[in-house]
Amino acid sequence: MKKRVLSMFMALALCLTLLPAPAWAAEADAPEGGTIVQEEQQEKAPAAESPAILEQAAENGIAAQNGGDSTVENAVAEVTSGGEVAYYKDFHTALNAARAGDTLTLLTDVKGGDRVTIDKAITFDLNGHKIYALTVRCKITLKDSAGGTGKIAEWLRVENGLKIGDLLEEGYALRNAETGAWYGATEQTVGNVTVQQVPITSVTLTALNADGTAASTSIPYGTTGGIKLSASCDAKPGAGELSCQWHTIGGTLQLIDGATKPVYQLPADLSVGEYTYRVTFTADGYSKSADITITVTAPKIDLANATVTIDPWYTDGKVRFNPYAPETAALSFLSTVKVTANGKEYTLSDSDFTCTGATATRVGKYTLTITAKDSCANFKGSKTFDWEVIPYQLFRPIFQGSQTYTKTYDGTTTLPGSYTWLADFFGKEGTDSNVTLKSGDYEVTAAEFVSADAGENKPINQTITLKNENFVFYPTEIINIPGITTTDKTLTYTNFTPKEAYPTAGTTFNIEKATMPDVDNAFTLKVINNHADTYTVDLAALLPNLESPKKYGEVTYELGAVSINGGYYNATKGSAEVKDGKLILPIQAVETKETGSIGSVKVNVSTTNYQDFTLTVNVNAANKSVSSSGGGGSSSASKTSTTTNADGSVTKTEIKADGTVIATTTAKDGSVTRIETKPDGSSVTQRTLADGSTGTVKTDKNGQTTAETALSSKAIEDAKRNGEPVKAPVEVEATRNSSTAPTVKIELPRNSGETKVEIPVSNVKPGTVAVLVHADGTEEIVKNSLPTEDGIQLTVNGGATVKIVDNSKDFIDTRSHWAKDAIDFVSARELVNGMNDSIYAPNNSTTRAQLWTILARQNDADLNGGNTWYEKAQLWSKNKGISDGTEPNAAINRAQMVTMLWRAAGQPTAGGTANFTDVPADSYYANAVSWAVEGGITTGIGGGRFDPNSTCTRAQIATFLWRAMAE
């Protein structure tokens with residue numbers, strides 16, 4: 001069977017060999033454009049060809065062609081395309097088959113006399129073989145992978161603007177096969193050449209200073225002797241002997257005699273101008289060069305010896321402080337710096353000079369220094385200019401819009417709580433923008449109504465004192481506003497009525513009449529039966545007593561209804577009247593012994609400060625004479641009454657003849673309160689509690705209140721045992737001004753230690769603070785004084801004297817804000833200041849430096865000094881372990897904020913763990929968040945989240961701090 005099959009294959013092979021060559025070629029599976037070479041009789045292949053070579057040929061698509069005895073070694077060229085190799089026994093066929101990007105490799109010499117033209121971008125590899133003549137019409141890559149043994153015998157010519165250097169790989173050049181001469185890359189026709197690796201691939205040339213550091217190629221005249229040119233080259237191994245030669249290029253190439261070393265020292269006497277140097281390295285007949293151009297510049301002129309001017313420049317070098325920018329600048333973007341030297345004027349560009357001392361943040365004298373840069377071509381050195389920042393002059397203060405400030409009469413000249421002085425000033429004559437001062441720039445004192453009486457469009461007084469040295473006021477005559485006078489540093493409003501000064505603005509200050517207190521306005525007049533007389537009642541004595549410093553003002557009386565029965569009153573015989581503040585009531589004689597009420601007389605009362613009300617004089621008949629004389633009857637307003645109150649206490653009220661009222665209340669536990677109020681409005685309140693504590697509150701006729709309290713040991717022990725503050729038996733009313741604020745002196749028994757004391761305050765609010773009065777009279781806000789429901793709590797050791805002040809700032813952008821109370825609390829204690837007196841900016845972010853400062857203030861740290869406003873607070877926070885002190889200007893987030901508060905509180909341990917989904921148990925802020933939740937400082941943002949990475953606003957900072965201090 002095997003023999004039969006073998007015979008069939010042999011017969012088939014015989015048939016195929018008899019086919020004409022074209023037919024065979026047509027049926028062969030030849031590569032596109034290539035020639036397939038057949039290996040017909042493998043057994044006749046030379047012994048040198050191993051089966052491995054034949055297998056490789058078969059793998060590369062080699063097959064028989066034209067029926068000859070050609071084998072793979074008969075191919076004259078191969079074409080490599082996309083990693084596949086096709087072999088060709090005809091060079092031109094191979095060349096035609098090669099496409100752009102392919103590699104055409106010679107496997108034998110191209111037959112003599114053939115002139116070859118290549119016009120497609122291939123790689124042509126001589127591979128150690130020879131070609132007679134070659135024309136190249138496009139950019140090809142010419143190489144010889146056989147190490148330069150191949151040759152282009154007759155000539156190589158490039159066309160279409162090409163040069164032979166365009167055909168060669170980096171580091172290769174053409175060399176004459178006979179003479180060994182190297183051809184330059186710019187040649188276009190060369191003959192008898194080989195492709196050789198050059199012995200020198202690159203040349204580097206630099207300028208160096210004497211110490212070996214890199215030097216500029218622009219060199220001042222007279223310094224070239226310190227500059228040397230240093231050259232180096234990359235030569236291939238075995239390149240042979242290497243030589244070096246320096247030249248100058250100045251129109252022609254000039255050899256420098258003796259300059260054959262890689263380092264060339266520049267002549268010391270080079271004049272001003274440009275010099276180009278070339279260094280050439282040569283090895284094995286091949287040369288490669290590099291050029292460098294040295295510019296010798298003219299000697300620089302010292303600015304100190306030249307005339308330097310700045311345009312524009314200020315008269316006498318005085319610059320007014322700029323309130324619209326962070327710094328006041330001596331120069332602007334319009335400024336030009338000009339230098340006059342050697343009879344020539346130069347204008348310096350911004351790149352020619354630097355300037356120092358050109359800006360300032362405060363008034364004072366400064367020195368501006370213009371210094372030429374090293375890169376400046378013509379100048380060196382510096383020039384100084386003395387200049388001075390002088391204060392900015394503030395023009396007319398602004399009363400914005402039509403504001404109405406109204407309060408209800410309270411007997412004081414204090415301005416309405418809604419009033420905040422707007423620290424805004426018009427630009428003078430419209431040439432400047434308006435200016436707004438910051439809160440620390442000024443102080444408002446003596447802000448008050450001229451009169452405490454009720455009325456509309458009332459004048460006010462106040463004094464504005466500048467604290468910032470960068471500002472002064474214009475003179476009074478320039479401001480020219482009625483009621484305003486100025487000095488450099490003060491702006492004084494005297495009897496100032498805004499509506500008169502600014503008629504179109506319409507701002508008014510008003511005090512509306514108060515409602516009369518709910519008191520008994522009735523008085524009983526006894527008349528005598530069977531006795532005609534005219535009774536006189538002093539109406540002023542019947543007016544209800546007012547708390548100091550309240551007053552009625554001007555009082556007018558008008559007779560109202562007279563309703564008297566039983567013939568006691570007959571208007572035809574004598575009518576009642578009110579005259580000179582007295583009720584004059586004629587009574588007729590009535591023969592009767594009946595007693596009791598016979599009617600009443602109404603008197604309508606109008607006052608300056610209170611709404612109209614009515615006095616009632618009840619008339620009772622009696623049989624016993626009260627007081628009589630031939631001149632007619634009279635009645636005193638003195639009386640005594642006793643009242644049992646709903647809580648079981650008993651109040652005895654005595655009205656003395658001079659109008660003094662004494663009310664003594666005895667409580668069920670034995671505590672006694674005695675209040676004495678005099679007609680001039682002064683009063684004294686004395687309290688003695690059952691536990692032995694005593695208190696006295698005195699208010700003079702001008703409304704100034706002082707209080708003293710001595711707390712008993714029993715009261716203190718009971719309070720500490722219950723974990724509560726001890727309540728002082730005095731009550732005061734806070735005022736907006738320290739000068740009118742009530743003073744409270746607190747005395748504790750010996751060895752009481754630190755004791756929390758609560759002072760009752762009738763009008764306490766979040767902005768109410770205790771102000772400690774030191775022995776020398778200086779005052780200091782007690783930052784840890786806390787408002788309670790009924791007063792102010794503070795810690796006392798031994799004793800203290802404090803004032804109770806309503807220090808609320810009433811910022812206009814927080815009046816309806818959710819965090820208003822918290823903002824009032826922290827700003828009143830000067831822990832967080834406003835942007836100015838009227839603006840707090842609750843939604844602005846807070847920086848880490850600002851929180852350091854807040855916590856340092858809370859702990860009474862000394863923040864004076866430092867290179868930056870926050871440096872002392874930064875050091876304090878690091879020393880106390882509250883913060884690492886980094887990134888002062890970065891916005892603080894909620895996690896950092898609660899952590900710093902926790903650390904400032906001593907890192908107390910919370911009783912539980914906060915259950916927020918975004919607070920990992922191992923986070924650095926987890927314990928702080930748990931503490932804050934337990935203390936009621938935060939409840940998160942809702943949805944079980946704390947939101948640790950959100951930026952903390954100024955409102956949130958205030959709220960967290962308020963809650964932390966109240967914890």
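The model is predicted, so local features need pLDDT of at least 70 and side-chain atom pairs count only at pLDDT 80 or more, while totals for chains, interfaces and linings use all residues. Residues are numbered from 1 along each chain as its sequence is written, and side-chain values use heavy atoms, with hydrogens and water left out. Helices (H or I, at least four residues) and strands (E, at least two) are DSSP runs, numbered from the N terminus.

**Helices α10 and α12**

- The axes of α10 (residues 848-858) and α12 (residues 894-904) come within 11 Å and cross at roughly 25°. Axes here are lines fitted to C-alpha atoms, for helices over the stretch in contact, and angles run from 0 to 180 degrees between N-to-C directions.
- The two helices α10 and α12 are therefore roughly parallel to each other. Angles under 35 degrees count as roughly parallel, over 145 as roughly antiparallel, 65 to 115 as roughly perpendicular and the rest as oblique.
- On the α10 side, R848, L851, W852 and L855 make the contact, and on the α12 side Q896, M897, M900, L901 and A904 do; contact means heavy atoms within 4.5 Å.
- By type, the residues of this α10 and α12 contact are seven nonpolar, one polar and one charged. Ala, Val, Leu, Ile, Met, Phe, Trp, Tyr, Cys and Pro count as nonpolar, Asp, Glu, Lys and Arg as charged, and the others, Gly among them, as polar.

- Buried means under 20% relative accessible area, exposed over 50%, and partly exposed in between (1.4 Å probe, protein chains only).
- The buried residues of α12 are R894, A895, M897, V898, T899, M900, L901 and W902, and their cover includes α10, α13 (926-934) and α14 (954-966).
- At the start of α12, a side-chain oxygen of N893 comes within 3.2 Å of the backbone nitrogen of A895. Just after α12, G906 has a positive phi of about 95°.

**Helix α9**

- Seven of the nine residues of α9 (residues 820-828) are buried, so α9 is largely enclosed by the rest of the structure. They are A822, I823, D824, F825, V826, S827 and A828.
- These buried residues of α9 pack against β59 (768-773), β60 (779-781), β61 (786-787) and α14.
- Just after α9, E830 takes a positive phi of about 60°.

**T436 in strand β34**

- T436 lies in β34 (residues 435-436) and is partly exposed, at a relative accessible area of 45%.
- Setting aside neighbours within four places in sequence, T436 touches A423, D424 and N836. A423 is 13 residues from T436 in sequence and 5.5 Å away in space, C-alpha to C-alpha.
- The side chains of T436 and D424 make a polar contact (2.7 Å). A polar contact is a pair of N or O atoms within 3.5 Å; within protein, one must be able to donate a hydrogen and the other to accept it, and residues adjacent in sequence count only if both atoms are side-chain atoms.

**Backbone features to check**

- Most residues other than glycine have a negative phi, and most peptide bonds are trans.
- A cis peptide bond joins D311 and P312, with omega about 0°; P312 sits in the loop between β21 (307-311) and β22 (318-320).
- The bond from S548 to P549 is also cis, with omega near 10°.
- N495, not a glycine, has a positive phi of about 50° and belongs to strand β39 (residues 490-496).
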